[in-house]
Amino acid sequence: MKELTERWRTSYDWREHEARLNLHPQFTTEIDGQHIHFLHLCSPESDALPLILTHG
């Protein structure tokens, strides 16, 4: 845990990852009173299975 904490404290570059995320279309909506922020990306594969990744 100390190593992980040190990496986040000293070398993790959130702005780099934020910039990469911001390259994708982003949207917001409300579902059952909850504000939801999401990215919508389409697969280049025509028969791709839809995938939803969440965190909370």
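**A short tour of a predicted model**

Hi everyone, let's start with L4: its relative accessibility is 46%, so L4 counts as partly exposed (buried means under 20% relative accessible area, exposed over 50%, and partly exposed in between, with a 1.4 Å probe and protein chains only). This is a predicted model, where local features need pLDDT of at least 70, side-chain atom pairs count only at pLDDT 80 or more, and totals for chains, interfaces and linings use all residues. Residues are numbered from 1 along each chain as its sequence is written, and side-chain values use heavy atoms, leaving out hydrogens and water.

L4 sits in helix α1, residues 2–10 (helices are DSSP runs of H or I with at least four residues, strands are runs of E with at least two, and both are numbered from the N terminus). From the C-alpha of L4 to that of S46, 42 residues apart along the chain, the separation is 39 Å.

Now, the strands. In which sense do β1 and β2 pair? They pair in the antiparallel sense, over 6 bridges (two strands pair if DSSP finds at least two bridges between them). In this pairing, E30 stands opposite H35 in β2.

The hairpin of β1 and β2 has 2 residues between the strands. D32 is found in that loop, between β1 (26–31) and β2, and its phi is positive, near 50°. Why point that out? Most residues other than glycine have a negative phi. D32 is also exposed, because its relative accessible area is 78%.

Last stop: L39 lies in strand β2, residues 34–39. With 33% relative accessibility, L39 counts as partly exposed.
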